[in-house]
Amino acid sequence: MTHPQPTPEQHGHTHSHGPAAPVSKHLRKVIAAVLIPFAAAVVVGLVMLWPGGAPAHERTGVGFDRQTVQGKVTAVQRVDCKDVNAAQVPPTGDTSTPEGREAQQAATGSCKKATVEVTSGKDKDRTFTEIVQPDAPRQLNDGQGVVVAYAPDAPRDLQYSVTDVNRKVPMALLAGIFALAVIVVGRMKGLMALIALAVSFAILTLFILPAILQGSNPLVVAVVGASAIMLIALYACHGLTARTSVAVVGTLISLLLIGLLGSLFIGWAFLSGNTDDNTGLIHGLYPDIDMSGLLLAGVIIGSLGVLDDVTVTQTSAVWELHQADPKMGPRALYRAGIRIGRDHIASVVNTLVLAYAGAALPLLLLFSIAQSSVGTVANSELVAAEIVRTLVGSIGLVASVPVTTALAALVVSADRSGAPAAVGPAAPSGPAGSPQTPAESPARGSSGRRGRGRRRKP
């Protein structure tokens, strides 16, 4: 028994991996009825919560809240630390403690005396001296660009001090290499991804951060801002299609789940969000900011980028499965898509956990040095906040796979416009112009020729 060979049209349809076939007009209306009100609500939220910029405040001169200008090291010479009083040996001479040993080394070692020139600001071309101890983590070299902190209330000789190194050139070069790699490999989609990244950064810096500083609810601001980023990024990178719309809906449902779980467990675990010097400074400058809400906003925004990847991948997988076999129903599509999603879940969750662990590695090292138990480490608010952030985000990622897969399977199965048309000539019409039924059609042989079937031998 021979099997008929697929026609070129059937073969091309079965193995096509290009853009998904357009869906029916009715299905587009259903998707638009869901997404247009959502997009309108996001626009209204942006308009209502849009800030006029970060509110002004009196600078404290502490941490990041300092006036800074640019500077350049013009000369470096070595001097004895004791000649410049860089450090004092403890009066007892005890070098058994780390502080005593460091003071002893600083007093007997060789320090650097750097001359720094201010290259920007109202005191441009002014010079000052910076003493660098031998054990300082940041050493200065001749010709090096530096960031200079300015304290207007200090005595004139102490108004300027080096606070950091100028890293603009290597950072800009790295960003240029990244952009070039994305465009070379991704081409037009890579360019659109970079544009979406720039828009996302603009929404973060022009809307989310100033709105939170002005006292708006951090959770509401994060939801509105993250939704705007999601709509712009997904549609700009993947096109205004039904497939992208399904990914948007799946991402939105997962974000809502992350918000609910985050709100529940942040409150239940009594996480204040005020865990280090930076958050303490923010709370001191703007005491009306809800720090626990700020923590929840960070969970939502931090999960958005990975969620986009998961939902788009799952939706595309279901669409491609449907194109490969249009006869697959929603249940079969869901089963096939969820098998792909399980592999995605394993890799994404591991990536997310390792990313947070890598960011908190110095903190984990401190706990290891202190020989603290796992329970003690996990119970501290600094680590507990990261655990809640990681696990809540991971739960949202895991949930996004079945949710998005089910939505994509239902949508693509409900559409009938993408079904392959019958191959071959159209059925002949009857007298009244209606197509003839198979019983009314003349007999066809195996060769497909009308009325010339091959007779069987008796």
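## Tour of the predicted model

Residues are numbered from 1 along each chain as its sequence is written, and side-chain values use heavy atoms, leaving out hydrogens and water.

Step back to helix H6, residues 242-268. Helices (H or I, at least four residues) and strands (E, at least two) are DSSP runs, numbered from the N terminus. The expected span of a helix is 1.5 Å times one less than its number of residues. With 27 residues, H6 should span 39 Å, and its end C-alpha atoms are 39 Å apart, which agrees.

Next, the aromatic rings. Rings of Phe, Tyr and Trp (its six-membered ring) pair if their centres lie within 6.5 Å; planes under 30 degrees apart are stacked, over 60 edge-to-face, the rest tilted. The count is four aromatic pairs. Select Phe128 and Tyr160: the ring centres are 6.0 Å apart and the planes at 20°, so this pair is stacked. Phe128 sits in strand E3 (residues 127-132) and Tyr160 in strand E5 (residues 160-165), 32 residues apart.

Now check burial (buried is under 20% relative accessible area, exposed over 50%, partly exposed in between; 1.4 Å probe, protein chains only). Phe128 is buried at 8%. Tyr160 is buried at 6%.

Last stop: Thr390, in helix H12 (residues 381-414). Thr390 is buried at 8%. Show its contacts (heavy atoms within 4.5 Å). Leaving aside residues up to four places away in sequence, Thr390 touches Leu352, Val353 and Tyr356.

Notes
This is a predicted model: local features need pLDDT of at least 70, side-chain atom pairs count only at pLDDT 80 or more; totals for chains, interfaces and linings use all residues.
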